[in-house]
Amino acid sequence: MTPTQHAGQLLMVALTPEMGTNGLDAQLADGLGSMLYLGGWTDRSSVAATSEHLQDSAVRVGGTRVGVLVAADQEGGEVQQLTGEGFSTIPSGREQGALAPAELTRQAKGWGAELEQAGVNVNLAPTTDTVPAEIGRGNAPIGQYGREYGSTPAAVTRGATAFAKGMHAAGVMPTTKHFPGIGRITGNTDATASGITDSTATTSDPHLAPFAAAMRATPTLVMVGSARYPKIDADNQAPFSRAVVTDLLREQMGFDGVVVTDDVGVAKAVADVPVGQRATRFIAAGGDVVLTADATQTQTMTSAIERRAASDEDFAEQVQASVTRVLTLKEDMGLLRCG
């Protein structure tokens, strides 16, 4: 693969209904490796047709089509990007958490089957954050919307693990999020840079237990949230922190799979970081796939990755390691196809 194609494999770019089925064709031609349905897509038949087009447009290298990770935010409740005919109305995490784990796995397998039939192979769920009862709806990103499976790590472990198992059983990769947990902050990182510091979390935080359990239970991606954790890294937000992504997630907790950002395209929490650096700093921290809700940022991020890899040997090795993890995942998912 070319340097541009390598960089493209490390981006996940949003596609909205307004952009249309062909809205990412130029990026795909350059090697874009992942996309996200955003903006409220309706009806499985239209989503399936778009997914088929995305895979048909995927880059080909040496006779092999390098398929696309086609993702959706389909956790349920307030966060369900795909609706209409062919998609169930999924209850919130709080409601899902009231189900017996076996029943939740059964239902999640059904929701996953709907995604698989629409050509979606990655679900950016389950939410694996613990929102303590005393914070509850005062937690803007999760508790306010009832996205949590419970108020204790044990309850979240049961719900998140059951959901992830069901998704994977349906042929859809789950995504355990938002590592290392955003249940104790008050601000929503999508909307503000204030109130996004968790001053309690440490590398032995009980709130890490649900993430560890989900990673043990089933293959999964891990999404890193955009909050700050000064007792883990006093200087960097989580996606730009080697202490969080490499030392804690990869080395201490042993996760060797694909790590993705939360949105770093339009999120207010990272607005003061130049667009290109949002990509390069995440990869330098040990991450793999940079998610942006703004497709116009693709070229800026791709170029930034290429430029730094060309001038920084250590960073170039990290890019290669990330591309290898992404392609290994795609091979495991049957997305590398000859012809």
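Which helix gives the largest share of the lining of the second largest pocket? That share, 3 residues, comes from helix 3 (residues 44–56), where helices (H or I, at least four residues) and strands (E, at least two) are DSSP runs numbered from the N terminus. The model is a predicted one, in which local features need pLDDT of at least 70 and side-chain atom pairs count only at pLDDT 80 or more, while totals for chains, interfaces and linings use all residues. Residues are numbered from 1 along each chain as its sequence is written, and side-chain values use heavy atoms, with hydrogens and water left out.

**Pockets**

- A pocket is an open set of points on a 1 Å grid over the protein atoms alone, where a 1.4 Å probe fits, with protein on both sides within 12 Å along at least five of seven lines; lining residues have an atom within 4 Å of a point.
- The largest pocket has a volume of about 500 Å³, a volume being the space filled by probe spheres set on the points, which are joined across faces, edges and corners.
- Its lining consists of 23 residues, of which Asp73, Val79, Arg147, Asp190 and Asp262 lie nearest the centre, and the elements giving two or more residues to that lining are strand 8 (79–80) and strand 11 (175–179).
- The lining of the largest pocket divides into 11 nonpolar, 5 polar and 7 charged residues, with Ala, Val, Leu, Ile, Met, Phe, Trp, Tyr, Cys and Pro counted as nonpolar, Asp, Glu, Lys and Arg as charged, and the others, Gly among them, as polar.
- The second largest pocket holds about 290 Å³ of space, and of its 14 lining residues Gln55, Gly119, Asn121, Leu335 and Arg337 lie nearest the centre.
- By class, the lining of the second largest pocket has 3 nonpolar, 7 polar and 4 charged residues.

**Backbone geometry**

- Most residues other than glycine have a negative phi, and most peptide bonds are trans.
- The peptide bond from Ala125 to Pro126 is cis, with omega near 20°, and Pro126 is found in the loop between strand 10 (122–123) and helix 6 (153–169).
- A cis peptide bond with omega of about 5° also joins Lys177 and His178, the latter residue, His178, lying in strand 11.
- Asp43, a residue other than glycine, has a positive phi near 75° and is found in the loop between strand 3 (41–42) and helix 3.
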